[in-house]
Amino acid sequence: MGGFNSFSEFLAMGGYAIYVWSAYAFFVVILVFNIWQPMLARKKYFKLLLRREQVQQERAQAKQKREDMTNDSTS
Amino acid sequence: MWQWFFKLSSPKWFYTISGQLMPWLATLTTLLLGVGLVWGLAFTPPDYQMGENYRIAYIHVPSAAIAMGCYYMMACMAAAFLIWRIKMADMIAKACAPVGMTFTALALFTGSVWGIPTWGTWWIWDARLTSTLIMLFLFIGVMALRSAYDSEAAGAKATAVLTLVGVVNVPIITYSVKWWNTLHQGASSLSLSNTAANPPQIWVPAFFVGFGLLGFYLIAIILRTRNEILMRERRTEWVDEILSASKSKGQGLS
Amino acid sequence: MSIIKATLRRELLIAFRSPGDIINPLMFFVIAVSLFPLGVGADQAFLSEIAPGVVWVTALLAVMLSMDSLFRADYEDGSLEQLLLSPQPLYFIILAKVSSHWLVSGLPLVILAPVFASMLALPEGGMFPLVAGLLIGTPILTLLGAVGMALTVGLSRSGLLLSVLILPLYIPVLVFGTGIVNSALNSIDISGLLALLGAMLVLALCLAPLAIIAALRISVSL
């Protein structure tokens, strides 16, 4: 087995540190993006549905209130 | 076989099975990627020609292969959608485009970075680099067409037609670029996957990373497809149950 | 076969009644080609080196820009819908439509190309390969462009989208088209390359109309 003698040697990558580590950094960015983006989309979608439901409830309540008021005034 | 095939085409079945499969797939992927990357990055001897720089190949080669495979997968899904009108196939095809695009971008970036010390420049008009770049354009075109349509159904069909036109062209493009490359500068001898000269301890970790990345690719596709199912099948009872169940679980942000 | 003749006659008649659609791609070609010497300098040796590429790339862009007039008018006045519903063999009608479009947009480019190639100091020996390549290559460009146009005709903002969809597919034609000229200039036999381009044309003739029909059905149903 080859490998490196020390951690600093590992970080230095035999002088190729900037190339190797930037490639692996981009690799991590792509991995994170591909998990994070669909998760965020899912969250956003759930929030949207929740909001939609709330708006519907509010509308129904407001309608109910109006009807109550008109009923009060007529009686 | 056919029964299995049509089961797979049911969104509910896909959603349930993929949900059950996900923890196993995630564990396996993490293990494979973890072992492969640590092994490949730290415990393999340097290449006798390229020094430590060859370690980029551990992520470059599988990402390029998966990007190419992703286009073919997208084309198969497009064909299944156009021939059998399987909605599930279109949802997977839709998921393939952005995932394939990011994998193509990853292959291009790592290839370029690898090329700086090797070729002395980040970009050469090498046959493989050029055809990968064109692959990126094809993915972008597919995504652009889908987003240009307001109607989901029409966009799906149009994208499927474009994908199939594209897949007929992919071999022609690859061949023409190879021919063009030899005409202009002779075949490049700087091949990344020249495994013949390397000992097994260099290419065994590559298998770990390769299968790990394949697992990751499947996870990425499944995540997007599941989202798509929830959005398109919103009116069905079983999706409604899932949505209300997640809502009652505190804001539904699971 | 009479339907092909009838379609050809109709399309050509319409084209010649609005000559702008014929002249504009040509003007684009002429102006764009003349921009290159202004951009890169008038050095004859350098110009002759880039001439095949410049002529081919501008011809390719001119063909792509001309696509907009192919299905647009028919889509807007509803005759495209009638066409798709007609009992006639659609494959041949579409082929006739695309052919007539090539006759008024592609063929003039092929005829004009030698003039501009010699303005760019393309050597004598490259002239025949250039024209032969364009003659076989521009119909492929028109067929592929028609697929892209059929996919985007129903969309309001289709101009730039068309180029994103179609330009990557144009690459093999460009590669072989310029390759033929460069091979001839290096005294390499070009018959094999011309045959390859011809094979691509046959493939496009067989498959592109099918894709165009499928795409038009989607666009009409919007």
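Of the 254 residues of chain B, 45% count as buried, a residue being termed buried if 20 or more other C-beta atoms, placed from the backbone, lie within 10 Å of its own, exposed if 12 or fewer do, and partly exposed in between. The model is a predicted one, in which local features need pLDDT of at least 70 and side-chain atom pairs count only at pLDDT 80 or more, whereas totals for chains, interfaces and linings use all residues. Residues are numbered from 1 along each chain as its sequence is written, and chains are lettered from A, with ligands numbered from 1, in the order in which they are written.

Chain B contains eight helices and zero strands, where helices (H or I, at least four residues) and strands (E, at least two) are DSSP runs numbered from the N terminus. Among the contacts in chain B with a separation of 6 or more, 79% are made by residues 24 or more positions apart, two residues being in contact if their C-beta atoms, placed from the backbone, lie within 7 Å.

Two pairs of chains are in contact, and of these chains A and B share the most contacts; chains A and C, by comparison, do not touch, their nearest C-alpha atoms being 24 Å apart. Between chains B and C, 24 residues of chain B are in contact with 21 residues of chain C. On the side of chain B that touches chain C, helix H5 (127-148) and helix H6 (152-185) each supply at least two residues, and the largest share, 14 residues, comes from H6(B). The residues of this side divide into 19 nonpolar, four polar and one charged, with Ala, Val, Leu, Ile, Met, Phe, Trp, Tyr, Cys and Pro counted as nonpolar, Asp, Glu, Lys and Arg as charged, and the others, Gly among them, as polar.

In chain A, A:Tyr16 is placed in the loop between helix H1 (7-12) and helix H2 (17-74), and A:Tyr16 counts as buried because it has 23 C-beta neighbours inside 10 Å. When residues up to four places away in sequence are not counted, A:Tyr16 touches B:Gly51, B:Glu52, B:Asn53 and B:Pro117. An unreviewed UniProt entry places a "transmembrane region" at residues 16-36 of chain A, although such annotations may be inferred rather than shown by experiment. Over this span the chain is 95% helix and 0% strand, with the end C-alpha atoms 30 Å apart.

For chain C, the UniProt annotation "transmembrane region", likewise from an unreviewed entry, covers residues 21-40, 46-65, 102-122, 128-153, 160-181 and 193-216. Residues 21-40 are 100% helix and 0% strand, and their end C-alpha atoms lie 30 Å apart; residues 46-65 are also 100% helix and 0% strand, with end C-alpha atoms 28 Å apart.

Apart from its neighbours within four places in sequence, C:Val55 is in contact with residues including C:Val33, C:Ala113 and C:Leu130.

In helix H4 (residues 68-76) of chain C, the residues C:Ser69, C:Leu70 and C:Phe71 are buried, and what covers the buried residues of H4(C) includes helix H2 (20-40), helix H3 (44-66) and helix H6 (90-119) of chain C. Just after H4(C), C:Gly78 takes a positive phi of about 85 degrees.
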